[in-house]
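Me: I've just opened this one and would like a guided tour. Please show me how to read it, one feature at a time.

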Amino acid sequence: MLLLAFLCVIAGVNYEIDKYGLLRGGRYERQLVETLQAGQAVAGYDESMLDEREIMRLYIQTMEKKDYIVLGSSRGLQLTQDYVPAGSSFFNLGVSGSDFRDMLGLYYLLEKNDKLPAHLILVLDPWLLFNSPDAFSKRSNIELYKEFLAEGLGLPVEYEKPDYSLQLEALLSPSIFQENIRYYFRDRTGEDEPLSATGNWYAQDTTLRLPDGSQLYDVKQRSRSQNEIDFDALAVVSSAFFRVEDFRSLDEELTAQLEAFIRHIKAQGVQITFVLTPYHPTTYEIALRDWERFPAFFEMEDYYRALAKKEGITLYGSFDPDVSGCKSADFYDGLHIKRESLYKIFPGFEGSEIYKKVETIKRMQKNALQQIEEQRAQGIDEPWMEEFEAALNLPAKARRPNTF
């Protein structure tokens, strides 16, 4: 009996303090998650220095179930709470450089932890079905992805089952118990801790991860000149187009996995929305010109639209900026649309702040068109009228290379 009590004390201390992060995850990552869940923004959020996948894993484990969840790459990290109905819970689980394995793995964590949302927003990138090392992140959890394919989707995939023996050993280890006790009572001043943003979030000199999971770039990034932005847009496609260089055909195996994934989500009773975020106009124009380097890039949007139609899923946006009327000024760089411009491709869900904004804009545009008609009926016809109408007459489909 005394031995059992002693083991319970050891297990409790080792789990609660967990100096080495063997049981509950790293201390820094846990604190970062706690900061977000406390409604505070994390300052100095540098994705290149952080294990975002681990942060999102810990967040999923400890979060309350959400009404809306976003999965995708940094190209969707500007999606905020304002896009969902007032009173709804929301979190953006996007990770920088997210690939196909990340999307399926993070979804699997939601399912395993009984945290599936009522509505899942999938921000789909053009490289998801490119089976190439260049299209995959070195940080994605391959075994978690394979486990989901086998256990979640029932596909014939071999994977290494998680080995929890090390965690059990760490939980009951007397030596780790001693280390944890010493760590608990020592002076930890000077240890790295996540910084909470103070003051105006929009005036910070570092990138923030906000409590809703979205990312807010620092003032310097958001205030760059248009020449700097346009140069970045040129650079992103000039040498090797990010994640899609030499993308020649959709991988059949990945395509089958994606379609099985979508059917699986629907079978869980989760509603799905697809979002395609556009590229900077310069980036897309050069891609059109140099399409032979990555022909499948231009097949992906048609595929996503066909999949959405087949599965009864609403799709918003386009990789082509012209479809949503996006100009160079709507982008941070070649890949990322600005937070304040995202409404142009995704009007939000009914009852949301963005939806109200978009409806107001539509009413104003309608009124303006009516006034133009009235003035023309009086014989007044000025150049700005035609320009205004042309700006609203957006193409229904993305542009394709002439040879397609």
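Reply: Contact means heavy atoms within 4.5 Å. Leaving aside neighbours within four places in sequence, Asp218 touches Gln204, Asp205, Thr206 and Thr207. A word on where this comes from: the model is predicted, with local features needing pLDDT of at least 70 and side-chain atom pairs counting only at pLDDT 80 or more, while totals for chains, interfaces and linings use all residues. Residues are numbered from 1 along each chain as its sequence is written, and side-chain values use heavy atoms, with hydrogens and water left out.

Me: Is Asp218 buried or exposed?

Reply: Buried means under 20% relative accessible area, exposed means over 50%, and partly exposed is in between (1.4 Å probe, protein chains only). Asp218 has a relative accessible area of 15%, so it counts as buried.

Me: How many helices and strands does the protein have?

Reply: There are 14 helices and 9 strands. Taken along the principal axes, the C-alpha atoms fill a box of roughly 100 × 50 × 40 Å. Of the 404 residues, 51% are buried.

Me: At what angle do α10 and α12 cross?

Reply: Axes are lines fitted to C-alpha atoms, for helices over the stretch in contact, and angles run from 0 to 180 degrees between N-to-C directions. Helix α10 (residues 252-267) and α12 have axes that come within 12 Å and cross at roughly 35°. On the α10 side, Thr255, Leu258, Glu259, Ile262, Arg263 and Lys266 meet Tyr303, Tyr304, Leu307, Lys310 and Glu311 of α12. These divide into 5 nonpolar, 1 polar and 5 charged. (Ala, Val, Leu, Ile, Met, Phe, Trp, Tyr, Cys and Pro count as nonpolar, Asp, Glu, Lys and Arg as charged, and the others, Gly among them, as polar.)

Me: What should I look for in phi?

Reply: Most residues other than glycine have a negative phi. Asp114 has a positive phi of about 55° although it is not a glycine. Asp114 lies in the loop between α4 and β4 (119-123) and is exposed, at 55% relative accessible area. Arg243, also not a glycine, has a positive phi of about 70°. Arg243 lies in the loop between α9 and α10 and is buried, at 12%.

Me: How much space lies in the largest pocket?

Reply: On a 1 Å grid over the protein atoms alone, a pocket is an open set of points where a 1.4 Å probe fits, with protein on both sides within 12 Å along at least five of seven lines; lining residues have an atom within 4 Å of a point. Grid points are joined across faces, edges and corners, and a volume is the space filled by probe spheres set on the points. The largest pocket holds about 850 Å³. It is lined by 29 residues, with Arg57, Asn141, Pro162, Tyr164 and Gln167 closest to its centre. Helix α4 gives the largest share of that lining, 6 residues, and by class the lining has 8 nonpolar, 8 polar and 13 charged residues.

How values were computed: Helix = DSSP H or I, 4+ residues; strand = E, 2+ residues; numbered from the N terminus.
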